[in-house]
Amino acid sequence: MKIIDYQNSRPIYEQIVESFKVQIFKGILQADEQMPSVRSLAMDLSTNPNTVQRAYSELERQGFIYTVKGRGNFVKGDDSLKDTKKQEVIDEIVELFVEANSIGITFDEVLSEIKVRLDEIAKEGGKS
């Protein structure tokens with residue numbers, strides 16, 4: 001999985017945080033699984049260890065990982081994080097549907113356009 005996009009304007013530590021959050025949400029990283037060490041991840045990403053440490057600190061602050069002194073960082077097994085994210089996404093989608101409706105776009109039109117675009121994305125993904 002690509003973690004850093006150097007053309008992205010977001011700070012590198014934020015990209016690292018987001019990448020690990022996605023991996024945790026998708027179940028790629030399981031509860032109590034050890035995270036890569038700060039040093040090894042920094043080497044793999046060709047970035048400063050302080051950047052990786054900042055990302056890990058943010059992940060810990062948000063409740064995605066925990067630290068065991070002398071052993072490293074581990075994925076926290078908290079399903080409520082995924083439930084919270086799911087609710088946030090649903091709330092955002094509902095907000096967008098309400099906005100669309102307020103300017104005269106029907107629910108069926110939105111769903112139809114979403115289906116067309118998802119089909120396009122699926123086709124593009126098949127070409128890779």
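I started with the largest pocket: helices α1 (12-26) and α4 (79-102) each give at least two residues to its lining. Helices here are DSSP runs of H or I, at least four residues, numbered from the N terminus. A pocket is an open set of 1 Å grid points where a 1.4 Å probe fits, with protein on both sides within 12 Å along at least five of seven lines; lining residues have an atom within 4 Å of a point.

The model is predicted, so I kept local features at pLDDT of at least 70 and side-chain atom pairs at 80 or more, while totals for chains, interfaces and linings use all residues. Numbering runs from 1 along each chain, and side-chain values use heavy atoms, without hydrogens or water.

Back to the pocket: α4 gives the largest share of the lining, three residues.

Next I looked along α4. Its buried residues (under 20% relative accessible area; exposed is over 50%, partly exposed in between; 1.4 Å probe, protein chains only) are Leu81, Phe97 and Ala100. After α4 comes Gly104, with a positive phi near 90°.

How many salt bridges does the structure hold? I found three, each a Lys or Arg side-chain nitrogen within 4 Å of an Asp or Glu carboxyl oxygen.

- Arg61 meets Glu58 at 2.6 Å, N to O. Both sit in α3 (residues 49-61), three residues apart, and Arg61 is exposed at 62%.
- Arg117 pairs with Glu113, closest N and O atoms 2.9 Å apart. They are four residues apart in α5 (residues 107-127), so about one helical turn separates them. Glu113 is partly exposed at 38%.
- Asp119 meets Lys115 at 3.2 Å, N to O. They too lie four residues apart in α5. Asp119 is partly exposed at 36%, whereas Lys115 is exposed at 52%.
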